[in-house]
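The exercises below are meant to be worked through with the structure in view. Try each task before reading the solution that follows.

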Amino acid sequence: MNSTGFWTFTRREIYRFLVLYNQTIIPGLLSSLLYIIVFGTTLGSRIELDNGIEYINFIIPGLTMMSVLNQAYQNSASSIMQGKYLKFIEDILILPLSGFQISSGYIIGGTIRGLISGIGIIVICIILTDFTVHNYPMTLFYLIIVSWTFSAFGVIVGVFAKTWDAVGSFSNFIILPMTFLGGVFYSLDMLPPFWRNISYFNPIYWMINGLRYSSLGFAETSPSMSFIVCISFCLIFNFIATLLFTTGYKIKS
Amino acid sequence: MNAIEIQSLKKTYHGGEEALKGIDLNIPKGSFFGLLGPNGAGKTTTIGILTGLINKSSGMTKIMNYDTIRDFKITRKLIGLSPQEINLDVFFSIKEILTFHAGYYGIKKKIAKENTNLVLNKLGLYHKRNSKARELSGGMKRRVQIAKALVHDPPILILDEPTAGVDIELRHMLWNYLKEINKEGKTILLTTHYIEEAEKLCDNIAIINKGKIITCGSTTNIIKEKSNNIIEIKLESLDNIDFNLDYDFKLDHSSSSIIIKSKTVHKDINFIINYFKDKSKIIDVKVINGSLEDAFLKLTADKNE
């Protein structure tokens, strides 16, 4: 089983982003704080939602999720890309670890980074605003499952990407638009029916909805559907990431 | 017992390049084995397949009798690899890199730290333990590569061009160290472009070219069988020598010397000296023993023709 090997590798992945905390943890927290100040405090007082929730509280779960999934994705994608670029991924590929263990090591590293970011933002929001968490265990569950999902997605992109641009492109052209269109800053009630229906096909919308439900005790749509979408995407991405490291597709000749 | 066993190993890369065309190789436990060949011959592909970096197309590879695919978790623990290209983790200090590396192979943290200090001392790197890879010289980085291969104390060491770009002093230091650990029982598989290095270190050698093993055996036998010794006789004058006559040995000449290639120099030398002393006054006789480089060039040239 080589559990020592697996945990050493996982520890390395966590240690990697902790050593670089001013490049990994701090910027995510800072940008979320700026979003909260700019959108929540300055614009929030002018926006009224039909559901009766204060605008600043409404956007906090979305902003948290935005940071969590970005941090998790960036961590595993960049760790693999750096390994490929500097060739030390070869050290990983020759280890007495299974494809499942290697992909899990990368995924856990990314998940922890996403989780630190998510918890950090929620703590800051509790301190700076009147935001409170409705259900702590369920909030933690959504932070972990979404972080895990996007960390696994980062592993997949990291394996396929040939350049740093490719990693950045996925983030800028796919994840970022999907996040903004996933209801971070607005309620779906504000959208025309056509765009509202389109948003239902966006998995990130359901992830944000899940966290909104667990933290505010309010859901725009079915919380059960959020749970199913989160679990499904987590399993699919996890399976693909494991398969890539088991077969060596795109990483072994 | 063989430390490494390879049977009918083939590798065809995507795109159709046939890197290995069915090689067979047995490397005895405890030996210092050289795998030599020109660029693109298939050395790194062979090593890649043994270590799990490259997927084979067909054939069988075993480490200490364990299959490298079925029993990969066992075989990979038995191997320490120092790859051709320097690939050091940029985030951590040398000490951290090595401690992590030992841990990946299942070594507990306390022992991993002890092993790290041991290899750092042995390779003269202890004073650099807190430095990062980018702060080291080329020779130091090369030594860290070797330290990485050794830190989990594997019985088999695979060194792919371990002294490339290393100065002569450090190369000799590494040679002595490798000889020492080989004597202690480690099996070493070495690939190198420095043929002199292989001749000095390896007791057995295989030469690979264009994906095929063209010769394999003890270094001494390969040199004896495949290379020629050279006898250089300096004569006062070459006027009386008829180069068109059919001699029993290969004859060549420079301005004042006769150059004779012979496999059995000690048998031929008396006859040759007696033969030429009748033709002209002998000023000097030099015998240059055959080398592995001769044998290598001859064998790879033969196969290229």
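Two residues are in contact if their C-beta atoms, placed from the backbone, lie within 7 Å. The model used throughout is a predicted one.

**Exercise 1.** Work out how many residues each chain brings to the contact between chain A and chain B, and which helices of chain A take part.

Solution. Step one is to count both sides, which gives 20 residues from chain A and 25 residues from chain B. Step two is to look for the helices on the side of chain A that touches chain B, where helix H1 (3–19) and helix H5 (89–93) of chain A each supply at least two residues. Step three is to ask which element gives the most to this side, and that is H1(A), with seven residues. Step four sorts the residues of this side of chain A by kind, and they divide into eight nonpolar, six polar and six charged.

**Exercise 2.** Describe the secondary structure of chain A, and then decide how its radius of gyration stands against the globule rule.

Solution. Begin with the elements, which come to 11 helices and zero strands in chain A. The radius of gyration of chain A is 18 Å, close to the 18 Å that the globule rule gives for 253 residues, so chain A is as compact as a globular protein of that length. Next, take the principal axes, along which the C-alpha atoms of chain A fill a box of roughly 55 × 35 × 35 Å. Then turn to burial, where buried residues make up 49% of the 253 residues in chain A. Finally, consider the contacts in chain A with a separation of 6 or more, of which 80% come from residues 24 or more positions apart.

**Exercise 3.** Trace the open sheet of four strands in chain B, and explain why strand S2 (18–28) and strand S5 (66–67) each have one side without a neighbour in the sheet.

Solution. First write down the order of the strands, which is S2-S1-S4-S5 in chain B, with antiparallel pairing. Strands S2 and S5 of chain B stand at the edges, each with a single partner strand, so one side of each is left without a neighbour in the sheet. Now follow one pair in detail: strand S4 (residues 58–63) of chain B and S5(B) pair in the antiparallel sense over two bridges. Within the sheet, Lys62(B) stands opposite Asp67(B) in S5(B).

**Exercise 4.** Find where Lys250(A) and Glu161(B) are placed, and decide whether each is buried, partly exposed or exposed.

Solution. Start from the background that most residues other than glycine have a negative phi. Against this, Lys250(A) has a positive phi of about 70°, and Glu161(B) has a positive phi of about 55°. Lys250(A) belongs to the segment after helix H11 (223–247) of chain A, whereas Glu161(B) sits in the loop between strand S7 (156–160) and helix H6 (168–183) of chain B. For burial, the cut-off is 20 or more other C-beta atoms within 10 Å. Lys250(A) has 13 C-beta neighbours inside 10 Å and therefore counts as partly exposed, while Glu161(B) has 20 and therefore counts as buried.

**Exercise 5.** State how chain B is divided into domains, and how far apart their C-alpha centres lie.

Solution. The division gives domain 1 (2–224) and domain 2 (228–289) of chain B, and the C-alpha centres of these two domains lie 44 Å apart. As for confidence, the mean pLDDT of chain B is 88, and 96% of its residues reach 70 or more.

How values were computed: Residues numbered from 1 in each chain as written. Chains lettered and ligands numbered in written order. Predicted model: local features only at pLDDT ≥ 70, side-chain atom pairs only at ≥ 80, totals over all residues. Rg over C-alpha atoms; globule rule 2.2 N^0.38 Å. Buried ≥ 20, exposed ≤ 12 C-beta atoms within 10 Å, placed from the backbone. Nonpolar A, V, L, I, M, F, W, Y, C, P; charged D, E, K, R; others polar. pLDDT = per-residue confidence, 0-100. Pairing = 2+ DSSP bridges. Domains from an automatic or database assignment.
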